[in-house]
Amino acid sequence: MATPTDKTTKRLFALSGNICAFPGCALPIVEAAGPVTGEICHIAARSPGGPRYDPSQPDKDRNGFGNLLLLCRHHHKVVDEEPNIYSVDVLRNIKAIHESVAGRAEQPTDLIFAKILLNDLNRITISRNNGNIAINSPGAIQAHQVTIRNTHHSLSINAPPGTIGSDQEATRYVKYLFDQYNKFAGADRMRTSKFNHGAIYKNIESNFGASWRLLPIEKFDSVCDYLQQRIKRTTIAKSNAAKGMRAYSTYQEFNTR
């Protein structure tokens, strides 16, 4: 998942005046003694299912200066728990007014605070004894990397709404394509190295930037096309194609079985 750049965050910190942008709040973003008491807030969420998420928004704009503001931890939670009240337009107005009043010129030390804020955005540690943890959900944890210390032997992570993993039919078809690829590629006796059934999952993550389950549903067709092309390139699939035999069913065919 992409994050704001150092340059963008440095500018954001300078124009925040090191003060929470919520009207009437005077809490600092970073205290003089060092503790970080503020957070980077995405006006339109950076992940599907998050508050005010806009699927049509380009990734560059999603993490761009215009889509970010700095809030204390309390008010970040407030605006994300009430996205209908604190809409995109409302937060943009809050940002514009605050920066016009509190903003100042950038200083060299602002880069240090920018890096601190980005580290805080990207790393959250949770100690979990029981219950559920919501990530990238309204009012929940918004982070690039979440470390969970779990006292139980197993931990399940549910895909957030709007992702491939949250759609049962899409999930079934993607799993089917994975199985087809592994079946064809794994049976190739001409391979010079041992076949790794899990490699295709890593390839998807490398090509699309995240686990397939967590990708937006809008990426479903692209993921399927990628897997279908990988299947077609296997030696056995090519041999079968020459005989008029298909290597996989289409999504429509698969769901009418």
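This note goes through the predicted model in numbered points, from the whole chain down to single residues.

1. Basis. Residues are numbered from 1 along each chain as its sequence is written, and side-chain values use heavy atoms, with hydrogens and water left out. The model is predicted: local features need pLDDT of at least 70, side-chain atom pairs count only at pLDDT 80 or more, and totals for chains, interfaces and linings use all residues.

2. Overall make-up. The chain has ten helices and four strands. Here helices (H or I, at least four residues) and strands (E, at least two) are DSSP runs, numbered from the N terminus. Read from the N terminus, the order of elements is α-β-α-β-α-α-α-β-β-α-α-α-α-α.

3. Of the 257 residues, 38% count as buried; buried means under 20% relative accessible area, exposed over 50%, and partly exposed in between (1.4 Å probe, protein chains only). The chain exposes about 14,600 Å², of which carbon and sulfur atoms supply 51%. Accessible areas come from the Shrake-Rupley method with a 1.4 Å probe, and for residues only the protein chains shown count as cover. Among contacts between residues at least 6 apart in sequence, 66% join residues at least 24 apart, where contact means heavy atoms within 4.5 Å.

4. Largest nonpolar core. In soluble globular proteins, nonpolar side chains tend to be buried together. A nonpolar core is a set of buried Ala, Val, Leu, Ile, Met, Phe, Trp, Tyr and Cys residues joined through side-chain atoms within 4.5 Å. The largest one has 25 residues, and those with the most contacts inside it are Ile-164, Tyr-173, Val-174, Leu-177 and Leu-227. Helix 6 (168–186), helix 7 (199–208) and helix 8 (220–232) each supply at least two of its residues, and helix 6 gives the most, with nine. Beyond its neighbours within four places in sequence, Val-174 is in contact with Ile-164, Trp-212, Phe-220, Cys-224 and Leu-227.

5. Second core. A separate core of 13 residues includes Cys-20, Cys-41, Leu-91 and Ile-94. Cys-41 and Leu-91 are also among the contacts of Val-79, along with Phe-22, Arg-52, Leu-71 and Tyr-86, neighbours within four places in sequence left aside. Val-79 is placed in helix 3 (residues 73–81) and counts as buried because its relative accessibility is 0%. Val-79 and Ile-43 are 36 residues apart in sequence, with 9.2 Å between their C-alpha atoms.

6. Helix 1. The buried residues of this helix are Thr-8, Thr-9, Leu-12, Phe-13, Ala-14 and Ser-16. Their cover includes strand 1, strand 2, helix 4 and helix 5 (110–122).

7. Cavities. The whole structure holds two cavities of 30 Å³ or more. On a 1 Å grid over the protein atoms alone, a cavity is a set of points where a 1.4 Å probe fits but cannot get out, and lining residues have an atom within 4 Å of a point. Grid points are joined across faces, edges and corners, and a volume is the space filled by probe spheres set on the points. The second largest cavity has a volume of about 50 Å³. Its lining includes Leu-12, Ser-16, Leu-70 and His-98. Helix 1 (6–16), strand 2 (68–72) and helix 4 (88–102) are the elements that give two or more residues to this lining.

8. Positive phi values. Most residues other than glycine have a negative phi, and most peptide bonds are trans. Just after helix 1, Gly-17 takes a positive phi of about 65 degrees. Asn-18, not a glycine, has a positive phi near 60 degrees. Asn-18 lies in the loop between helix 1 and strand 1 and, at 23% relative accessibility, counts as partly exposed. Arg-52, likewise a residue other than glycine, has a positive phi near 65 degrees. Arg-52 sits in the loop between strand 1 and helix 2 and is buried, with a relative accessible area of 11%.

9. Arg-62 and Gln-57. Arg-62 belongs to helix 2 and is buried at a relative accessible area of 4%. Residues up to four places away in sequence not counted, Arg-62 touches residues including His-42, Tyr-53, Asp-54, Gln-57 and Asn-67. Gln-57, in the loop between strand 1 (38–42) and helix 2 (59–62), is buried with a relative accessible area of 12%.

Note on methods: On a 1 Å grid over the protein atoms alone, a cavity is a set of points where a 1.4 Å probe fits but cannot get out, and a pocket is an open set with protein on both sides within 12 Å along at least five of seven lines; lining residues have an atom within 4 Å of a point.
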